[in-house]
Amino acid sequence: MGTYCNRIDAAEGVPLRSTVLRTGASRPARGHTEYSMFESPTRDRPGPIDTLLNLRGYHLVNAVVAFLFASTGPVALILTVGIKGGLNAEDIASWIFIGFVGGGTLTLIISHVYRQPLAFGWTISGTAIIGPALMKYPFPEIVGTYMVTGALMLLLGMTGSFKRLMNVTPVPIVMAMVAGVFLKFGVLAVDAFDKALWIAVAATGAFFVCSFSPRVARFVPPVLIALVAGAVVAVQTGQFQLTEPITDWLAQPKFFEPRFSEASLIELVLPLAISVLALQNAQGIAILRVEGHQPPSNTITIASGLGSFVFGVYGSVNTCLTGPVNAILAAHGERRYHFIGAYFWGLLAIAFGLTAPFVTRIALAVPEAFIYILGGLAMLGVLRQAFVASFSGRFTMGALVTFVITITDLIPGINVNMLGIGAPFWGLVFGFATSLLIERHDFKAEKKPAAEAEEEEIKALPPPSDAIAAEAVAHAHDDEIRSLTVISPSPSPHTYRVLIALKEKRLPYRFIEDMTWQAGQGVSENPLSRNPLLKVGERKSFVDPRVILDYLEAIRPDPPLMPVGRDEAFEVGRWEVLAEGVSGIVIDLYIESARPFPFESEEWVRRQQTRVLDSLATLADMLGDREYCVGDRFTRADIALAAMLDHLDLQFPTFDWRRAYGNLTLYFSRMRDRPSIREVLGSY
């Protein structure tokens with residue numbers, strides 16, 4: 001149980017890597033750069049048994065709702081475009097077959113590798129672009145544009161260009177585009193009350209009745225109840241009807257030999273690439289990032305390019321990461337197991353593709369209002385989160401311009417379609433330009449952490465404790481610094497804080513996953529059984545994260561993690577107390593939830609939940625729109641807050657703090673990009 005790895009830079013005496021072997025690939029030290037064509041998945045991934053034990057009903061429900069989206073409106077669009085463009089039934093069936101089977105297969109493979117909900121399909125906006133082109137060019141020439149577009153995406157993925165573009169584009173601007181695109185689903189849900197009142201009333205009523213009880217919603221997803229209630233009313237009122245008899249059951253793929261013409265390539269390649277990368281993939285990546293995932297942008301881009309190559313010759317428009325589907329898959333449940341919903345979605349997509357003629361008729365027999373109301377209910381949380389992420393922090397003017405331009409697609413008579421490219425892309429362009437012109441200070445603030453880390457001279461600060469300082473001065477020899485060992489039975493928010501501080505101070509250490517105490521042993525170095533335990537050599541040890549952090553500050557003052565001023569130092573302590581308190585309550589709630597139902601105390605649970613919510617509200621108010629918790633630099637307060645928020649996600653995901661506190665969402669997103677935090681929280 002004591003496996004560890006520790007590498008020391010011989011020249012500087014500081015660790016380049018210091019991670020547990022079981023946790024995943026380590027990252028280069030600050031100042032070093034490393035490029036990888038395919039992002040490495042973390043090794044701390046749920047195994048088959050862990051996955052089965054954490055399979056929940058909402059995983060299947062989310063997949064079904066996402067599948068209904070993909071198999072109704074988008075399929076209807078393919079049918080409309082194909083028929084108007086002169087494609088025959090075999091051509092259209094091949095398109096639907098390979099789009100679903102290929103996308104479902106990519107989803108299963110990549111979601112399994114990265115253990116994230118990474119659902120692939122085809123670009124809906126690209127389908128709209130292809131519609132008019134089918135009336136001008138033979139279909140083999142359209143297929144040729146799919147090939148060239150796929151090659152362009154492969155190049156962007158292999159060079160990392162798209163990932164760099166996503167990294168420099170402010171998250172609020174991208175999320176404003178997402179909010180503008182997804183607003184349509186909310187509007188269509190409202191319109192469903194006009195088109196099918198009783199279906200909409202039944203589904204909405206069931207959704208909110210189920211949502212009133214957190215205990216019920218925890219085991220029976222409200223969207224599932226809404227789906228069942230709406231389906232029952234649809235059948236009872238005779239609104240579920242097959243318009244044509246079903247004759248064919250299995251799809252027959254058809255190969256198209258691509259042809260290339262200068263006119264079609266000039267007209268279509270750039271708009272198709274933008275529809276995949278700037279509209280579809282950017283949506284999906286932004287949504288997953290806000291939900292706490294780290295989607296592999298390079299891998300996604302390369303997969304989109306390869307899918308465009310392979311699937312295009314069977315008639316499917318270019319492959320992409322689907323925004324709405326991933327939004328639904330990541331909308332509920334514990335983040336760590338969102339990928340299970342992607343498994344279900346992939347299997348449903350493959351089954352749909354194989355039986356495309358049959359299932360398409362069934363899907364088109366479902367009333368539009370039923371799909372719209374389900375989609376709107378499923379998207380409520382995502383839409384709210386998109387608005388919070390767009391307008392609660394920096395780049396608000398750029399986000400506003402992006403949103404206004406994007407929603408022009410919802411207004412009849414207005415068509416922002418310059419150069420054949422739709423409004424969402426131009427919303428991104430003009431929103432980004434607006435922020436460059438009038439919100440330059442926000443760009444500078446975004447770059448400030450990196451500048452401080454690499455260029456700003458850091459002053460040495462006096463240690464926080466005279467006793468620890470004197471002890472450290474007497475004993476802080478190189479041998480002592482090199483003999484730090486962190487012991488904890490499993491990583492916890494307190495352990496995270498110590499590991500992050502060690503990485504910030506570039507101190508070499510060993511991490512040993514083991515018990516820090518044994519019951520009944522009497523005199524002990526850790527009689528309170530607190531985690532973690534820091535051992536310094538063989539004779540000295542410290543417990544309690546704040547005592548350990550004081551000691552680290554004493555033996556390695558640079559870079560400082562405690563402010564000089566007394567008021568700011570006490571302010572850091574205030575943040576640490578609040579963060580520790582929330583983490584302790586979350587652990588208690590997690591333990592309480594494992595008890596048999598009759599022994600749970602409803603009143604006690606409600607009281608603890610209220611304490612957590614009040615603490616989060618207080619922390620959000622204390623943070624405001626500041627970049628750091630205390631002062632203008634990274635401190636132990638930031639370490640405590642980041643570790644607590646991550647722990648909240650992991651142990652008690654039913655507290656959906658991201659949707660309630662946009663400034664905490666943006667803050668945590670920035671902190672996760674800091675190397676020390678990314679290495680620790682991204683590893684364990």
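Student: Which side chains meet Lys-503 or Glu-679, and how do I read that contact?

Tutor: A salt bridge is a Lys or Arg side-chain nitrogen within 4 Å of an Asp or Glu carboxyl oxygen. Here the side chains of Lys-503 and Glu-679 form one, at 3.3 Å from N to O. Lys-503 sits in helix α23 (residues 493-504) and Glu-679 in helix α30 (residues 675-681), so the pair ties together parts 176 residues apart in sequence. Helices here are DSSP runs (H or I, at least four residues), numbered from the N terminus.

This is a predicted model: local features need pLDDT of at least 70, side-chain atom pairs count only at pLDDT 80 or more, and totals for chains, interfaces and linings use all residues. Residues are numbered from 1 along each chain as its sequence is written, and side-chain values use heavy atoms, leaving out hydrogens and water.

Student: Are Lys-503 and Glu-679 buried or exposed?

Tutor: Buried means under 20% relative accessible area, exposed over 50%, partly exposed in between (1.4 Å probe, protein chains only). Both Lys-503 and Glu-679 are buried.

Student: How many salt bridges does the structure hold?

Tutor: There are 16. Asp-646 pairs with Arg-335, their closest N and O atoms 3.7 Å apart. Asp-646 also meets Arg-672, at 3.3 Å from N to O. Arg-672 and Asp-646 are both buried.

Student: And how many disulfides?

Tutor: A disulfide needs two cysteine sulfur atoms within 2.5 Å, and this structure has zero. As for individual cysteines, Cys-320 is buried at 0% relative accessible area, and Cys-629 counts as buried at 1%.

Note on methods. Helix = DSSP H or I, 4+ residues; strand = E, 2+ residues; numbered from the N terminus.
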